[in-house]
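Subject: Structure handover

Hello,

Here is the structure you asked for. Please open it alongside this message.

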Amino acid sequence: MTGTGDPADGGDELDAAFTETVRRTGASIGALYLLSPDGQLLRLVALCGAPAALAAPWVRVPVGSPAPVADALRDDRMVWVGSQEEMSHSYPRTAMALPYPLALVAAPVTGVRRWGALLLMWPATRPPYMTGRERNNIGSSCRRLARLLDEAAERGTPRTGSGRLRVLSAGAGRPSIDEERATRDFIERLPGGSCALDLEGRFTFVSSGACEMLGSDADRLLGTLPWQSLRWLDDPTYEDRYRAAVLSREPVAFTACRPPNEWLDFHLYPDASGISVRIVRTGADPPPVPAPHRSARSATPARAGQLYQLTHLAAALTEVVGVQDVIDLVADQIMPAFGAQGLVLSSAEAGRLRITGHRGYTRRSIDRLDGLSLDTGFTPAGRAMSSGIPAFFADAEEMRRIYPEVPQVSGKQAWAFLPLVISGRPVGICVLSYDEPHPFPAEERAVLTSLAGLIAQALDRARLYDTKHELAHGLQAALLPRTLPPVTGLRVAARYLPATRGMDIGGDFYDLIRLGGTAAAALIGDVQGHNAAAAALMGQVRTAVHAHAALGPPPDQVLSRTNRLLVDLGTDLFTSCLYAHFDFAGGHVTLASAGHPPPVMRLPGLDARPVDVPPGPLLGIDPDADFPLTELPLSPGLLLALYTDGLIETPGVDLDDSIDRLARHLTHADDRDLDVLIDDLLRKVTTAAQRADDIALLVLHHPGG
C-alpha cells in the first residue's frame, strides 16, 4: 500500500516540498491528493503524520462528492473548517467518519492544469480561523507543488493519482545513543509504567513498570498492537482512544480492567512521531462505568477502524442519487476497502437478474451472467436471493464443488454473494470477487452483511430516483421547444441546464416566435419552484405568451394578457418573464419585463452592458399591472443575451456584481459560433458543480446587412 518516490520523475523533490509544507505550517497531518487519469477521482498519493490504515476511508475521493478536498478542486478555492461543529454543519458525512476535535484546510493544487488538492490538519487547540499570512503561505506551497508537477509533465513523466500511497516522515531527528540511555534511565525511575507507540499503534518501547502492570514481557509486546497482544484491551473503545490521539494530537485518557480486577488508567500524549503512554493504577474506587463482560466464546468485535469505515461507507450510501452513483461508490470505495478486484451489481427485474454495473470482468463473462433467473442454479446468486443469506467462497475449489462452471466463467478465485433484500423483498445482489483465494473472517462477513442491507436501500432509492429523473426529462423536453425556428436577420442559440438537486426539473423556459417576414419575438422566463407543478405552469405560460404574441401586439400587451390569465388561474406560483420584439422593418427592438433580470447587450467595438429595462411585477400577482417598454436600435452586430437567475445567482455575491461579471465575459466572447459562445459563458460564469437552480440562456445576434 505504501511506496517511495521515484527520483526519475521528481518524486523525491515533490515529497520534500510536501513534507516541508506540513512542517512549516505546523500541521499535524498532511495529505496530497492527485487527480486520476480520467479526472473523476482524487487519489491520496502522499501522507504525513498519520498511518495509512487511518486514511483508508479517504484514499479515493470522487471529484463530485461533498468533501473538503473535492470542493477545493472543483471550486478552485481554499476550504477552511475551523472546528468539529463547523465540520458537522458543512460536511456531515466527513464528520461522521472523523468525529475528533480538529481543524483543517483543503487547497487546490493547480498549475498549467488542475493536478489535485492539498489537505492539512491541526489539533483543535489552534485558533479557529486562518490569518492572511497563513493563507498566502499555503497558497504559495500549493503553487510550488503545482510547479513541480508541471515540470514532471514537461519531462514526459506526469504524476497522476494512479501511483501507490507514500507515507512520509516530517523529518524529526533521532537522539544520540547517550541521550537514549539517559532517557531510558529517567523513565525507569518514574512511578507507574511508561511505554511508547508509533503512529501505527505498535509498541516501540515498554518500561519494566509497564511490563509489570500489563502482565507481559517486553519481548512479547514490542512491535505488536496493544489490542492484539493484550486480549483484555481487545475492544473497539480502546482502539478508538488511540485513533483520537493520533488524529486530534490532543492528550487522551481511558480506564481499562486487567483481569481479574485490576483497574489501570492510560494517559496518551501524542505528537508527530508517535504516542507516549503513562499507565497508573486507578486506586480502590472502580470507574463509574465498568467495561462490559465478554464471554470467552463470543466473537471478536470488529476493529474500530472497520467500524469507522463502515460508518463512512454508510454515510456515503445515504447520499447517492442514481443507480450509477451506487455502482461508482461500491466500485470506488467498498471494493478497495475489502481488497476485492471484481464487482457485479444486479437488479431484480421481471424475474431475472439484470446486471446494472460491473468491474473487473470481461464482456464475455458479463454476457454469460446477465439475465439469469432469480432462482438460478448456475451461480450461488439464486440461493442467496431466495434465502436472503450471504454466501462466501474462499477459493475456487470450494465453489467448484457446488457450482462447477462459475470459476471458469468468471475467472475469479474467491467470491462474496450479498443478497440485497428490503423488508423480505429481493431487489438485487452484489457480488464481490477476488483474483486470489481470500478467507472471509467472521468480522469481515459481519461488516459485508451489514453493508448489503445499506446497498439494498441505496439501490432501491436510486432506481426510484432514476425513474423520476427520466419522467422529469421527458416532461421537460415536451414543454421546451425541440428546435428554434429560423428567422431571417437573426442568429440564435439556446441552452437549458436543470438543477443538480431535487427532481432535476424546473420552471425556466425560453422561446422564439416568428411574426411574419419582418418581425420576431424572443422570450425567457422562470416559474417559481423546481417540481412538476412548476414545469406544468411553465408550459401554460409559454403557450399563453405564444398565443398572444401571434396577434402582433406590443410586448407590454403580451405580458398584460398573460398576467391576467395567470391571475384567473389562481396559481400559487409566480412567474418572471422578459419579452423582446424584433422589428426588422422599423430597425428597433422593444422590450418589456415582468420582474426578470435585465438582458445583456453588446455592440461591435464596445463593452457588453446590462440593458436598463424597468421591470413590472411578477406575472400572476396584480391583474392591473403595467409593464413599461424599452426600445433599442436594431444595429448591425447587436448581440443580446437573455437568461434566468440561475445563471447569475451565487450565495454571498451581490446580484449586480454577478450581472457585471456576465457582461465582462460576454465582452470578450467570440460570436462566430453562438453554441460555442454559450458553452464558454456557462463554463466561466457557473463555477459550482452543484446547481441549486436551473438555468436557461438565449443568445440572439443580428448580423445586419
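Below is what was found in it.

This is a predicted model, so local features need pLDDT of at least 70 and side-chain atom pairs count only at pLDDT 80 or more, while totals for chains, interfaces and linings use all residues. Residues are numbered from 1 along each chain as its sequence is written, and side-chain values use heavy atoms, with hydrogens and water left out.

Overall picture. The protein chain has 705 residues, and 51% of them are buried (under 20% relative accessible area; exposed is over 50%, partly exposed in between; 1.4 Å probe, protein chains only). It holds 21 helices and 29 strands (DSSP runs numbered from the N terminus: helices are H or I with at least four residues, strands are E with at least two). Take the contacts (heavy atoms within 4.5 Å) with a separation of 6 or more: 63% of them join residues 24 or more positions apart. The chain exposes about 32100 Å², with 52% supplied by carbon and sulfur atoms (Shrake-Rupley method, 1.4 Å probe; for residues, only the protein chains shown count as cover).

Cores. The largest nonpolar core has 63 residues (a core is a set of buried Ala, Val, Leu, Ile, Met, Phe, Trp, Tyr and Cys residues joined through side-chain atoms within 4.5 Å). Tyr33, Phe266 and Ile279 have the most contacts inside it. Helix H10 (residues 236-248) gives the largest share of this core, six residues. Another core, of 52 residues, lies apart from it; Leu479, Leu515, Phe627 and Leu698 are among its members.

Backbone points. The peptide bond from Pro259 to Pro260 is cis, with omega near 5°. Pro260 sits in the loop between strand E10 (252-258) and strand E11 (262-271). Arg249 is at about 60°, in the loop between H10 and E10. Ser423 is at about 50°, in the loop between strand E17 (414-422) and strand E18 (425-434). Arg249 is buried because its relative accessible area is 11%. Ser423, at 78%, is exposed.

Surface. Phe574 lies in the loop between helix H19 (555-569) and strand E22 (575-583). Its relative accessibility is 33%, so Phe574 counts as partly exposed.

Regards
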